Amino acid sequence: MRELTDQERAEIERDGALPQLDARELVDEEYLERAIKEMYTEVAENPGGEFHFLTGRALAEGLGYDPALLDRIPAEAVESFAGVGHYMDLAGLAEGECVVDLGSGSGTDLFCAAALVGPSGRAIGVDMTRAQLDKARRLRDAYGFSQVELVEARIEAVPLESGIADCVVSNGVINLAPDKGRVLAEARRLLKPGGRLAMADIVSGRPLVERTRRKTDLWAACIGGAIPRDSYFEAIEATGLRLEEVRENPYEFLTERALEACAKYGVVSVTLLAVSDGG
């Protein structure tokens, strides 16, 4: 993070008192949902386009994905990869397990999970963008991933039964949700006793000021919805999960506007593992 001016410091201190987990009073949820769907429809249909962020296999490998695992899944899914970190090593997925992917997109992580849990397991992807789901569904059917299931829904309200998952995963998506507390509570609800939450997301070192948090285009670019890492981690543990590991990822944004926000607020990508102690 760069040094702040006195004016910036005062503004951040003032706006830092605003709620961090729940930003529904700051953004128009319907407008934000449309903006996110438009951007990620483009990621699904035109993965080589210009975005605020990198996409594709080079990004995945740079974040730590095993090339041999990527070779086991459809290349078209990987070309639309827009994650911000790698966590498959922490997830520790085993044959026969059930995995729920919150914000599964075109399916890179979903198909990786399906390959690891095998035909006897279940890999359930939840996403709200029809183009992403359609692409993942087409690839599932074309490549014989019968253990993959797809659900169209917002990750704040997942239409799956409680305690279904051995592991819940998510990659760069929860920061897009105006009410992160609800999403994290859903992740906890979906987990079996002793289940794991393995995920990557964007967090900040400082609270974002109100005018930045109101900019929908920055939300869709995975910056406007970032909250301080301490607030994020405390919210995870408030659900009853125990943080076991946190690491920072070598993830970079591309545009000048995004890079300035990263420098001002200390916006970074982190990967984490949290575990449920029991029922």
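1. Helix α13 is followed by Gly266, whose phi is positive, near 70 degrees. The helix covers residues 256–265, and its buried residues are Ala258, Ala261, Cys262, Lys264 and Tyr265; buried means under 20% relative accessible area, exposed over 50%, and partly exposed in between, with a 1.4 Å probe and protein chains only. These residues pack against α1 (6–15) and α10 (210–213), where contact means heavy atoms within 4.5 Å. Helices (H or I, at least four residues) and strands (E, at least two) are DSSP runs, numbered from the N terminus.

2. A note on the basis of these values. This is a predicted model, in which local features need pLDDT of at least 70 and side-chain atom pairs count only at pLDDT 80 or more, while totals for chains, interfaces and linings use all residues. Residues are numbered from 1 along each chain as its sequence is written, and side-chain values use heavy atoms, with hydrogens and water left out.

3. Strand β7 (residues 268–276) is mostly covered, with nine of its nine residues buried. On one side these are Val268, Val270, Leu272, Ala274 and Ser276, and on the other Ser269, Thr271, Leu273 and Val275, so that both faces are covered.

4. Strand β7 pairs with two strands, β5 and β6; two strands pair if DSSP finds at least two bridges between them. Strand β5 (residues 191–203) is joined to β7 by eight bridges, and the two run antiparallel. Met199 has Leu272 in β7 as its bridge partner. Strand β6 (residues 241–248) also runs antiparallel to β7, with seven bridges, and Arg242 stands opposite Val275 of β7.

5. Strand β5 is largely enclosed by the rest of the structure, because ten of its 13 residues are buried. Besides the pairing with β7, β5 is joined to β4 by six bridges, and here the strands run parallel. Cys167 stands opposite Arg196 in β5.

6. Strand β1 (residues 98–102) is largely enclosed as well, because five of its five residues are buried. Cys98, Val100 and Leu102 lie on one side, Val99 and Asp101 on the other, and both faces are covered. Five bridges join β1 to β2 in a parallel arrangement, and the bridge partner of Leu102 in β2 is Val126.

7. Leu160 lies in the loop between β3 (148–152) and β4 (165–171). At 14% relative accessibility, Leu160 counts as buried. Not counting residues up to four places away in sequence, Leu160 touches Val100, Ile124, Val126, Val151, Arg189 and Leu190. Val100 is a residue of β1, and Val126 is the β2 partner of Leu102. Leu160 and Ala198 are 38 residues apart along the chain, and their C-alpha atoms are separated by 19 Å.

8. Gly121 is found in the loop between α7 and β2. Its relative accessible area is 5%, so Gly121 is buried. Leaving aside neighbours within four places in sequence, Gly121 is in contact with Gly96, Glu97 and Gln147. Gly121 and Glu97 are 24 residues apart in sequence, yet 4.9 Å apart in space, C-alpha to C-alpha.

9. Helix α2 (residues 29–45) has 17 residues and reaches 24 Å from its first C-alpha to its last, close to the expected 24 Å; the expected span is 1.5 Å times one less than the number of residues. At the start of α2, a side-chain oxygen of Asp28 reaches to within 3.1 Å of the backbone nitrogen of Glu30. The buried residues of α2 are Leu32, Glu33, Ala35, Ile36, Met39, Tyr40, Val43 and Ala44, and they pack against α8 (130–143) and α11 (216–220).

10. The structure holds one cavity of 30 Å³ or more. A cavity is a set of points on a 1 Å grid over the protein atoms alone where a 1.4 Å probe fits but cannot get out, and lining residues have an atom within 4 Å of a point. The largest cavity has a volume of about 500 Å³, volume being the space filled by probe spheres set on the points, which are joined across faces, edges and corners. Its lining has 34 residues, of which Gly103, Gly105, Asp127, Val173 and Leu176 lie nearest its centre. The elements that give two or more residues to this lining are α2, α7 (108–117) and β2 (122–127). Helix α2 provides the largest share, six residues.

Conventions:
Polar contact = N/O pair within 3.5 Å; in protein donor to acceptor, adjacent residues only side chain to side chain. 1 Å grid on protein atoms, 1.4 Å probe; cavity = no way out; pocket = protein on both sides within 12 Å on 5 of 7 lines; lining within 4 Å.
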